[in-house]
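I opened the model today to look up a few local details, and I am writing down what I looked for and what I found.

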Amino acid sequence: MGFQGDKVRFNVGGKIFETTATTLANAGRNSMFGAMFDDEWNLRPREINEEHFIDRNSDCFSVLLDVLRTGELYIPPNIPEKLLYREALFYGVLDHVRSAKWGQFDGNRLRLTGSVRGRAPGDGTAIRAGPDGGVAVAHGSMVHVYDWMLEEHPPLNLDYQRVNDVGWIDSESIVISACERLGREDGGMGLFSSSSGDLRYKFQVNHENQVKSFTAGALCFNSDSKIFASCKGRSNEYGIGVWDQVTGKQIDFFYESLGWSLGDADKIQWLNGSNCLLVATLFPRKDNCYISLLDFRDKTMVWSWSDIGAPITVDEKRVRDAIAMEESNSICVVNEYEDLGFMDLRSGVGSIRWSSRSRLTKGKMHDEPCYPKLTLHQGQLFSSMNDSISVFSGPDWVLTSSLRRSYGGSICDFSIGGDRLFALHSEENVFDVWETPSPPII
């Protein structure tokens, strides 16, 4: 902590700055300033009257110092943003700049801050937000990766193998699932460097001491460094595979049973509270929809629902997406006609309670069919439909706002991460960036 007389003097590019150890401590132990202090963030005696010379941009240093003092970011017109971010990276305070650039995520306060047109031929198929505000966009056999400044890294090319899903382990590592062969090697999943595009290692499915070719589909991760993927093999290894994020080794496999199509799952989601995995196979991939919760501890299906035999007489009740909401012990589903439905996980037999009061706002209809998607983030429920994304809040999931722009056509996918929402349009190969404005500087 700071104390009286903890003044620090810097000479940055010929300009003198004075601050305190207390202010510099806000940068954190892993910053460049952390090396200047002892474990209690006190100045070493010999440094009290010492002037520290740093041969860097003084204008940027002034901005970064204000971020450490106030937590607020103001970039003068004479300073290019990319130059400031480069300097922040040098001092180890990039996270502080990033968190000060936009406010804490709130779906009801999001504002469109930019759009990026993809460079790949054809339409985008999936978009995944990274943990630091970057994003990955899948187009056919390629994945285009952007950092949080929306600068594009070298693309990830799977040599004409179709990408099924993408997931971020951290800001430097991306997992891609694809069909049967990844590049020129057997296996349907690999871990890549997000910055260089290099393949670090591939994931294998082993059955009876043999490596099997497989198609990997939906992905998800948990806090215990495990990767889950739906897997469809050529023989009897259909189901959900589990790998260690650090070593890439297969550690478990849940084989499908009772006709449940685990290997064709459209979505899987890890539930931390119950230590179960939600697996959903949805229309139109299958004529019938299957949703289940798998317990990997004893290899059992602890809850399930299917529309087989359900009193459904019209297609408008076909489930297009599903998401588990642990706090309310329920699963939310959506159909192609904008209805939200809810299933109680505490009941032995799942049944949908369709909610007419939660109907989505009507967006512009487009020729390209884009099935609705669901996301739950920080207690808010998001659902896309046509060219808009609706936000629902509160215990009764009341419609509170709608995000829409006219350019780009229908939204085929969207994702939230790093305090940003990314929406991928189907027709113009463009994705939008939505951010919560930072509080005004008073």
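I began with polar contacts, by which I mean a pair of N or O atoms within 3.5 Å, where within protein one must be able to donate a hydrogen and the other to accept it, and where residues adjacent in sequence count only if both atoms are side-chain atoms. I keep in mind that this is a predicted model, in which local features need pLDDT of at least 70 and side-chain atom pairs count only at pLDDT 80 or more, while totals for chains, interfaces and linings use all residues. Residues are numbered from 1 along each chain as its sequence is written, and side-chain values use heavy atoms, with hydrogens and water left out.

**Entry 1: K267**

I looked up what the side chain of K267 reaches, and I found the backbone oxygen of A322 at 3.3 Å. K267 lies in strand 21, residues 267–271; helices (H or I, at least four residues) and strands (E, at least two) are DSSP runs, numbered from the N terminus. Is K267 buried or exposed? I noted it as buried because its relative accessibility is 18%, the cut-offs being under 20% relative accessible area for buried, over 50% for exposed and partly exposed in between, with a 1.4 Å probe and protein chains only. Contact means heavy atoms within 4.5 Å, and, with neighbours within four places in sequence left aside, K267 has contacts that include A218, L278, D321, A322 and L374. I also noted that K267 and L282, 15 residues apart in sequence, are 8.4 Å apart from C-alpha to C-alpha.

**Entry 2: strand 7**

I then turned to strand 7 (residues 142–146), where 4 of the 5 residues are buried. Strand 6 (residues 135–139) runs antiparallel to strand 7 and is joined to it by 5 bridges; two strands pair if DSSP finds at least two bridges between them. The two form a hairpin with 2 residues between them, and G140 in the turn has a positive phi of about 60 degrees. I found H139 opposite M142, and M142 also stands opposite N157 in strand 8.

**Entry 3: helix 2**

Last, I checked helix 2 (residues 58–70), whose 13 residues reach 19 Å from first C-alpha to last, close to the 18 Å expected, that is, 1.5 Å times one less than its number of residues. Its buried residues include F61, L64 and L68, and what covers the buried residues includes strand 1 (7–12) and helix 3 (81–91). At the start of helix 2, a side-chain oxygen of N57 comes within 3.0 Å of the backbone nitrogen of D59, and just after the helix G71 takes a positive phi of about 80 degrees.
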